[in-house]
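Keep the view open while you read.

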Amino acid sequence: MPIAVTLDNRLHEKRMTLTELAERVDITLANLSILKTNKAKAIRFSTLTALCRELDCQPGDLLAYLPD
Amino acid sequence: MPQALRRDPLLAFAQFLVGALAGLFAFAGIMVAIGLGAVTTVQRDYVFAKLAAAGVSEAGYGAVLFALVLIIMLMALGAFFMRELFRLVGSVEEGDPFRPFNADRLRRMGWNTVASQLILFALAAIAHSFGGYRQALLAEDAMLVGFSALLVTLILFILARVFRVGAEMRSELEGTV
């Protein structure tokens, strides 16, 4: 998929672990891991909203378009 | 949703009925196969005598054998159809019916009814070739059954597509975070 999730970078900048983020956004660690490893097929706006809120960023900071 | 569907009395009854019908088709098929064995061996002369008494030529013996083979095939198809339906109902009871294998299952059931219908037409033609009012009625019945079966076949093929789309939507949903 040409859309990549750049969650790792933002987590690193915020010095936050995936477990901690999972607790804050109320998403299971398994689902967040799927998102982080680019295995998700889609992302809900509610999930994106919660991630942006907790990581203090814009959707564009979490997603990147990588042309083939 | 899966919890609500669990132990549904309608599904439990359907599974019981479909299971019983599958057994009945299998039993009938075995019995006809035994009958076919008898007709070709120990009952051969008896059948020839019956055919002669009915005014049917000796060539009718071949038609009788062919009809018996067709009936065995029909019973086998019926048993397979019921087995597929049994498993389909089982997957609904488990609360997870929208899977690609259920779409394949419904498509197979559709082709099964097509094959069964072709066999029924062949049987009706054999009955018609023997002549007589009763046989003609049987042939007409087979034509009527043919129309219902055509509708059932269409419904099965459409349902197969519905399940295919459902399975794709399910897959999408599973990958949504």
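Predicted model: local features only at pLDDT ≥ 70, side-chain atom pairs only at ≥ 80, totals over all residues.

## Where the chains meet

Let's begin with the contact between the two chains. On one side, 10 residues of chain A take part, and they touch 5 residues of chain B. Together the chains bury about 670 Å², and 53% of that area is on carbon and sulfur atoms.

What kinds of pairing does the rule find across the interface of chain A and chain B? There are 6 residue pairs in polar contact, with both partners at pLDDT 80 or more. Helix α3 of chain A (residues 29-36) gives the largest share of the side that touches chain B, with 3 residues. Sorted by class, that side of chain A has 6 nonpolar, 2 polar and 2 charged residues.

## The nonpolar cores

Now for the inside. The largest nonpolar core has 20 residues, and those with the most contacts inside it are L7(A), L21(A), L32(A), L51(A), L55(A) and L62(A). Four helices of chain A, α1 (7-14), α2 (18-25), α3 and α4 (45-55), each supply at least two residues of this core. The largest share, 5 residues, comes from α4(A).

Leaving aside its neighbours within four places in sequence, L21(A) is in contact with L7(A), L11(A), M16(A), L32(A), L51(A), E54(A) and L55(A). There is also a second, separate core of 11 residues, which includes V18(B), M82(B), L88(B) and L156(B).

## Two loop residues with positive phi

Which backbone angle is worth a look at R15(A)? Its phi is near 55°, a positive value in a residue other than glycine. You will find R15(A) in the loop between α1 and α2 of chain A. The relative accessibility of R15(A) is 69%, so this residue counts as exposed.

D56(A) also has a positive phi, of about 50°, although it is not a glycine. Its place is the loop between α4 and α5 (59-62) of chain A. Is D56(A) buried or exposed? With a relative accessible area of 56%, D56(A) is exposed, because the cut-off for that class is over 50%.

Notes. Residues numbered from 1 in each chain as written. Chains lettered and ligands numbered in written order. Heavy atoms only, no water. Contact = heavy atoms within 4.5 Å. Buried area = accessible area lost by both parts, 1.4 Å probe. Polar contact = N/O pair within 3.5 Å; in protein donor to acceptor, adjacent residues only side chain to side chain. Nonpolar A, V, L, I, M, F, W, Y, C, P; charged D, E, K, R; others polar. Core = buried A, V, L, I, M, F, W, Y, C linked by side-chain atoms within 4.5 Å. Buried < 20%, exposed > 50% of the residue type's maximum accessible area, 1.4 Å probe, protein only.
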